[in-house]
Amino acid sequence: MPESIHKLLIAALLSVASAAFAATPVHEFTLANGLKVLVREDHRAPVVVSQIWYKVGSSYEPSGLTGISHLLEHLMFKGTPDVPGGEFSRLIAANGGDENAFTSRDYTAYFQTLEKERLELSFRLEADRMRHLLLKPEDVAKEAQVVAEERRLRTDDQPEALTQEQFSAAAYLTSPYRNPIIGWMQDIQSITPDELNRWYRQWYAPNNATLVVVGDVEPARVRELAEKHFGPLPPSDLTSPKPAVEIPQQGERRIVVKTPAEVPYVALGYKAPTLKTAAAEWEPYALDVLDGILDGGNSGRISRNLVRGSQVAAAAGTGYSPTSRLEELFVLAGNPAPGRTSADLERALRAEVARLREEPVGADELARVVAQVVAADVYQQDSMFYQGMRLGILETVGLGWSKLDDYVQRIQAVTPEQVRDVARKYLTDDRLTVATLEPLPLDGRRPPAPDAAVDHAIR
Amino acid sequence: MRIIPIMSHCKPLLTGILGVLLLLASSLAAAVPPIQNWRTANGVPVYFIPAPELPMMDAQMLFNAGSVRDGARPGLAKLTNALLEEGAGDWSADVIADRLDRVGARLSAGSRRDSAWVSLRSLTDPRYLQPAVETVARLLREPSFAPDAVERVRKQMLTGLQERAQSPGAIAQDAFFTALYGTHPYAIPPEGTVASLNAITRADIQDFHRRHYTAANAVVALVGDLERSAAEQLANALVGGLPKGEAVPPPPPPSPVPASQTIRIPHPSSQSHILIGQIGVNRADPDYYALYLGNHVLGGNGLVSQLSQEIREKRGLAYGAYSAFSPMRQAGPFLINLQTRNDQVDTALQVAQTTLREFTANGPDAQALEEARQNITGGFALDLAGNGKLANYLGVIAFHQLPLDYLQNYLGIMNGITLEQARTAWQRRVQPDKLITIIVGGDQPAQSKPEPAGSTGS
């Protein structure tokens with residue numbers, strides 16, 4: 001049997017195997033005040049994950065208020081009239097729970113993981129802070145300092161993260177995806193309590209939220225608890241976010257970031273549609289397959305040809321997120337191997353893109369991507385948190401939680417010609433932005449700060 | 001580049017390899033199937049928990065092959081481990097990658113100070129599992145260490161060293177282990193040095209593999225949708241072909257820090273990374289439980305802990321401020337970790353030192369200790385919810401050959417620790433006047449000075 005046919009056969013068998021292990025059904029209901037609730041039962045362990053998702057994130061933010069969604073997320077732990085500051089975290093911890101929150105471009109979400117009998121605690125606390133947050137000026141000032149430290153840790157002192165931030169700012173002109181989720185430092189340090197209050201009142205309402213519960217629970221009981229705690233909250237009059245469409249790109253863009261570092265880095269981003277923005281529904285799936293062809297495991301073309309073959313890259317990879325609310329970048333990025341330059345790596349990455357435009361991918365490569373997707377579909381069910389994430393993201397970006405129920409079949413339906421077609425249509429030079437990190441010596445950036453020098457002298 | 005959402009105040013990821021195993025109540029004990037344990041024909045201990053709900057399995061193969069075995073060749077353990085998937089027998093790296101990817105299997109490999117490992121996640125249908133298992137077995141048994149692969153991975157590790165050199169956090173970690181462990185092999189940087197990486201020969205690698213990737217130095221942890229007989233066959237297929245070999249001796253115990261020392265390393269960063277610590281405990285230390293419980297109050301329980309309260313919540317000095325014991329085969333570190341804007345270093349350092357000193361002198365507050373205990377015991381079910389999480393815990397139990405009833409014993413011990421026991425354990429084991437302090441950040445002159453005992457924090 002020819003090798004490629006053998007692989008296709010394996011892929012076909014895999015798909016049969018996976019069909020028998022589809023995830024358990026999702027129960028959906030909406031409270032009178034507009035809160036949507038999604039429940040997926042997973043009875044493998046006596047645990048429940050509860051996540052509340054708000055339709056707000058950095059892509060909703062106007063100029064001057066970048067980072068306000070993330071700063072507000074921090075302040076959501078600072079207390080209400082009934083639950084004083086710090087008490088939320090203390091109560092969850094003392095009940096054996098785990099909690100956190102995260103902010104992205106298109107959503108802000110809060111979650112608790114608890115022993116299943118304690119789900120009500122999560123609902124009581126989340127319902128309370130959805131409508132009753134106290135935003136004290138002294139808390140705002142202190143938390144802005146914490147977020148500034150977070151920004152230094154995650155971005156300012158990390159050469160690649162710094163480059164990626166400026167890469168996005170160069171790639172987008174009118175899309176809010178140009179701004180960092182954490183915000184520009186000047187905005188973090190100047191957002192006022194009044195502005196935070198308005199942001200909170202504008203977006204934190206039951207009719208702008210989705211409650212996702214995954215775990216060892218009965219849907220009827222979840223509904224009862226949701227009615228009890230979230231039911232009484234009043235809805236808001238919501239206004240849609242302003243249009244945030246990126247104007248068409250009319251030629252390649254390039255930026256250079258010079259910063260103290262040792263390892264060069266280059267990132268290439270092509271404007272690409274998502275499930276929300278695509279003209280034809282198959283296109284994002286074809287781009288997802290293309291992503292797998294290049295970087296799906298160690299057998300992908302990037303590892304095979306660039307890391308092992310020509311050895312132009314020390315490390316490289318691709319990224320594409322089909323579930324974003326707005327037009328995305330299909331990104332290829334990496335570090336050149338010692339003795340090679342960023343220009344060498346850029347040429348090699350562009351050659352891989354050109355090859356995708358010129359010739360259809362092999363049937364065996366396609367089968368490999370499908371096999372990985374089929375297996376991943378099973379592996380993902382091992383994590384209750386991930387199951388909740390997937391439902392929450394799809395619902396919050398406006399695709400609807402069931403959008404990817406047929407994901408495996410959609411991927412299986414992608415043809416080699418379709419992969420070539422999306423490469424020809426979207427991975428073109430006029431849609432490209434390139435960012436290059438040029439390392440400066442690590443010992444040469446800043447003049448000594450007077451404070452530190454004095455401090456040392458005193459010692 | 002995936003856009004990763006910003007997590008607000010992550011707890012430090014101390015479960016998993018460093019994790020502690022806890023048990024709340026008998027209802028939870030019933031929810032966790034007992035560990036099955038046997039040896040393969042060539043003597044490899046196997047630890048198995050059946051998980052029939054999903055048609056998948058996780059296997060971890062751990063070896064006594066961490067950087068503690070590097071000797072005069074820092075980076076040798078990591079280079080050897082990284083080369084396993086780069087060729088075996090007559091299979092090239094491309095062939096190995098293709099064999100795994102086309103059945104949707106996921107392979108990962110890594111090494112730290114004590115151990116090195118290879119992990120496999122696969123569907124359990126034999127048509128997909130079998131090719132994956134054959135591949136992993138062969139790369140463990142007969143890696144080829146082809147000269148071109150050696151050169152390529154050596155270069156990748158050199159790039160890795162450059163990446164560490166541009167990261168103030170990584171520089172601080174390396175300096176901390178060097179200062180803390182001195183001549184002990186835990187001081188060896190697992191990533192190696194430029195000089196040592198360039199000096200390692202193919203023969204060194206082959207010899208390291210021959211000596212350490214043997215049945216006598218291996219354990220296997222298995223979780224998944226397998227009958228006992230299938231699990232036995234699987235373990236045999238994975239490691240049954242390894243030669244018996246000789247068990248390597250455990251590393252020697254490290255010496256305690258004789259006196260406080262502060263090391264400042266300049267770096268062009270806007271924040272300084274501060275590490276404060278000393279030698280902690282080993283995996284078998286009877287004080288570990290009381291110290292762990294106490295540390296949950298001090299700095300191991302996210303925003304609720306005292307260090308977070310004092311440094312982040314009250315003063316806004318840092319995004320994260322944590323403390324942890326990391327038990328290893330021999331005594332691992334006790335470590336406080338925070339980052340702050342360069343001009344706030346002295347303030348933050350003083351708050352951290354004062355908090356530690358007062359905690360050690362007075363012990364934990366009674367209510368805080370009870371709430372910490374409730375978090376630990378009540379969170380047990382969370383830590384085991386999922387095959388991947390179970391496999392990580394089982395890997396720790398297997399590598400340290402902890403008793404099969406470890407979970408039940410642990411629960412009893414954790415629930416039995418009194419306030420007084422926690423307080424005295426901290427006083428006995430933590431010396432706030434003998435601390436290694438590392439500060440890596442902007443604009444400070446390099447210096448290293450021993451300090452007289454008692455001067456720290458003044």
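Strand β8 (residues 265–272) of chain A runs antiparallel to strand β10 (residues 328–336) of chain A, and 7 bridges join them. Strands here are DSSP runs of E with at least two residues, helices are runs of H or I with at least four, and both are numbered from the N terminus. Two strands pair if DSSP finds at least two bridges between them. Across this pairing, Y270(A) faces F330(A) of β10(A).

The model is predicted: local features need pLDDT of at least 70, side-chain atom pairs count only at pLDDT 80 or more, and totals for chains, interfaces and linings use all residues. Residues are numbered from 1 along each chain as its sequence is written, while chains are lettered from A and ligands numbered from 1 in the order in which they are written.

Now the sheet around that pair. In chain A, 5 strands form an open sheet in the order β7-β11-β8-β10-β9, with mixed pairing. Its edge strands are β7 (253–260) and β9 (313–319) of chain A, each of which pairs on one side only. From one strand to the next, the twist averages 15 degrees.

The loop between β7 and β8 of chain A holds V263(A). Is V263(A) buried or exposed? V263(A) counts as buried because it has 21 C-beta neighbours inside 10 Å. The cut-offs are 20 or more other C-beta atoms within 10 Å for buried and 12 or fewer for exposed, with partly exposed in between; C-beta atoms are placed from the backbone. V263(A) lies 73 residues from P336(A) in sequence, yet their C-alpha atoms are 8.1 Å apart. Leaving out residues up to four places away in sequence, V263(A) touches N335(A) and P439(A), along with T159(B), Q162(B), E163(B) and Q166(B). Contact means that the C-beta atoms of two residues, placed from the backbone, lie within 7 Å.

Step back to the domains of chain A. The assignment gives domain 1 (22–229) and domain 2 (253–440). Such bounds come from an automatic or database domain assignment. The centres of the two domains, taken over C-alpha atoms, are 28 Å apart. Their contact takes 30 residues from domain 1 of chain A and 28 residues from domain 2 of chain A. On the side of domain 1, the elements giving two or more residues are β2 (36–41), β3 (47–54), α6 (159–171) and β6 (209–215) of chain A. Which element gives the most to this side? It is α6(A), with 9 residues. By class, this side of domain 1 of chain A has 16 nonpolar, 8 polar and 6 charged residues. Here Ala, Val, Leu, Ile, Met, Phe, Trp, Tyr, Cys and Pro count as nonpolar, Asp, Glu, Lys and Arg as charged, and the others, Gly among them, as polar.

Next, the contact between the chains. Chain A gives 85 residues and chain B gives 75 residues. On the side of chain A, helix α5 (residues 137–156) gives the most, with 9 residues. The classes on that side are 37 nonpolar, 25 polar and 23 charged residues.

Chain B has 17 helices and 15 strands. Of its 458 residues, 57% count as buried. Among contacts in chain B with a separation of 6 or more, 82% come from residues 24 or more positions apart.

Chain B has an open sheet of 6 strands with mixed pairing, in the order β2-β3-β9-β4-β8-β7. β2 (36–39) and β7 (106–111) of chain B stand at the edges with a single partner strand each, so one side of each has no neighbour in the sheet. Neighbouring strands are turned by 15 degrees against each other on average, direction ignored. Within this sheet, β4 (residues 56–63) and β9 (residues 218–224) of chain B pair in the antiparallel sense over 7 bridges. D58(B) stands opposite V223(B) in β9(B).

Helices lie across these strands. Helix α9 (residues 228–239) of chain B lies across β2, β3 (45–50), β4 and β9 of chain B, at about 140 degrees to β9(B). α2(B) lies across β7 and β8 (116–123) of chain B, at about 170 degrees to β7(B). Axes are lines fitted to C-alpha atoms, for helices over the stretch in contact, and angles run from 0 to 180 degrees between N-to-C directions.

α2 (residues 76–83) also meets helix α8 (residues 202–212) of chain B: their axes come within 10 Å and cross at roughly 85 degrees. α2(B) and α8(B) are therefore roughly perpendicular, a label for angles of 65 to 115 degrees. The residues in contact include L76(B) and L83(B) of α2(B) and F208(B) of α8(B). By class, they divide into 6 nonpolar, 2 polar and 1 charged.

Notes
Angles under 35 degrees count as roughly parallel, over 145 as roughly antiparallel, 65 to 115 as roughly perpendicular and the rest as oblique.
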